[in-house]
Amino acid sequence: MNERIDSVGLAGLIDRLLDLSGDLRLSPAERAECLAAAKRLRGYLLNLLTARFNQGTPRLLEANAALTSVNADLKAAAQQLQKLAATLESVAKLVGILDDLLRLASSFL
Amino acid sequence: MLHRRSLMLTSFLAASTCAIQGCVKVAFTSPIASFQQSVDSSATTLQQYYSSLNRTEREAYLHERAQDPRLEVGLTDPQGKRTPLLTKTFSPESLQARYDAIRLLGLYAKRLSDLAGIDAPTKINDATKLIGAKFAGLGETFSALAGTDATAAKYVGPIGKIAGLLGEMYAEDRRDRALKDALEKGASAVDDVLDQLEQDVATLAPLEPLTIKTQLLDEIAAYNASRTKEDAAARAARLNSIRALAERYDAALASNPAELIQGMREAHHALVKFARSSRAPQDLADLTAALETFSARAAVIAGAAHELHEASKEAGR
């Protein structure tokens, strides 16, 4: 019972989404979508920061792998904004995974 | 003639040695006193930092509702989870145990520096013994928290070791043995506590800047959406709010307490190195330099944390 979410990766993802929500090259609708995703993920970060999981919990492995991949995609999308729509779909999938994961968490600070 | 010269030389050497020793005594006392102050101010800074986490969460909850009229205010949310309005997101008991751990390290460092000092160890007065006794049960406190607090169990061993050792350091009247024990048994336990504190702080560190940045982007979005419908005074009020949040965000980044823990570790290592040395002037110079670096770093972070603390109180009014 000592596995954890990649909180640094999750915090980095939220930070990137917040930056994009203040990027005036994006349409108001895209900015609103980035801000909404960032707010949702911040709520998960708060609850998952100190949560612990059993070793090898499949949903945790999936969440951490998705975090790495979405972070890389979002970094690339910040350079090429036309890729943003596809990346925001991946963010929405990640939100679903984290929602499930939260139900499995055991203890908090 | 030769005898007189020899006497003169001996007197000169004796006088020089006294002068150097006197100088060393003064020079040793000063950095140790400033080290104590830095540990105390670090504990206060960390206390402010941890307590601001709960306040920031309550503020974020209310801010989100100010921006979005669809969201209701309540003590329990529709999913049955307590909201941060009256419920502390981070347990006050868990946070208090960590402040006490930092103060225990400060007390240990004080006693170590007394033992390693140039003078005979300072006589321990009753008040200092009382402070030491206060920490005797801290290991049990962490042990009791372990059921609900994920990292509390990792403090139990090293905290118990330091608290026990501190009692021996007070009782022990043979300075050399007390110092040897303090170094052999205590140094690694102090490192263990600092490592765990650093991990806890690193886990929580991104939270406050991100919370404030989220509020900032919320305000920016609200300004951009309403700017053509509002008069100059209303726009100026919104822009002032944006500026205040941008300044709080800067202060939150600058007050990262992980650097304090790192500074404390380096200062402790310097103290241990000095205690093991032959106390030559160069050893003292190295110790003084390390402790001054820690003091300077602690002062900068304490300043930023105080600024953030005041700004957060202002924002909550």
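A salt bridge is here a side-chain nitrogen of Lys or Arg within 4 Å of a carboxyl oxygen of Asp or Glu. This is a predicted model, in which local features need pLDDT of at least 70, side-chain atom pairs count only at pLDDT 80 or more, and totals for chains, interfaces and linings use all residues. Residues are numbered from 1 along each chain as its sequence is written, chains are lettered from A in the order in which they are written, and side-chain values use heavy atoms, with hydrogens and water left out.

**The interface**

Select A:Lys39 and B:Asp218 to begin. Their side chains form a salt bridge, with 3.0 Å from N to O. Between chain A and chain B the count is 4 salt bridges. On the side of chain A that touches chain B, the elements giving two or more residues are α1 (7–21) and α2 (28–48) of chain A; helices are DSSP runs of H or I with at least four residues, numbered from the N terminus. With 7 residues, α2(A) gives the most to this side.

Next, select A:Asp15, A:Asp19 and B:Lys213, which are linked in a network of salt bridges.

Now widen the selection to the whole contact (heavy atoms within 4.5 Å). Chain A contributes 23 residues and chain B contributes 27 residues. The buried area, that is, the accessible area (1.4 Å probe) that two parts lose on being put together, summed over both, is about 2100 Å² between chain A and chain B, and carbon and sulfur atoms give 64% of this area.

**Chain B**

Of its 317 residues, 44% are buried, where buried means under 20% relative accessible area, exposed over 50%, and partly exposed in between (1.4 Å probe, protein chains only).

Proceed to B:Arg265 and B:Asp195, a salt bridge whose closest N and O atoms are 2.7 Å apart. This pair links distant parts of the chain, 70 residues apart: B:Arg265 lies in helix α9 (residues 258–276) of chain B and B:Asp195 in helix α6 (residues 175–204) of chain B. B:Arg265 is buried, at 10% relative accessible area, whereas B:Asp195 is partly exposed at 32%.

Then select B:Glu230 and B:Arg238, whose closest N and O atoms are 3.0 Å apart in a salt bridge. B:Glu230 is partly exposed at 21% relative accessibility, and B:Arg238 is partly exposed at 24%.

Finish at B:Glu64 and B:Arg65, a salt bridge at 3.6 Å between the closest N and O atoms. B:Glu64 is partly exposed at 28% relative accessibility, while B:Arg65 is buried at 18%.
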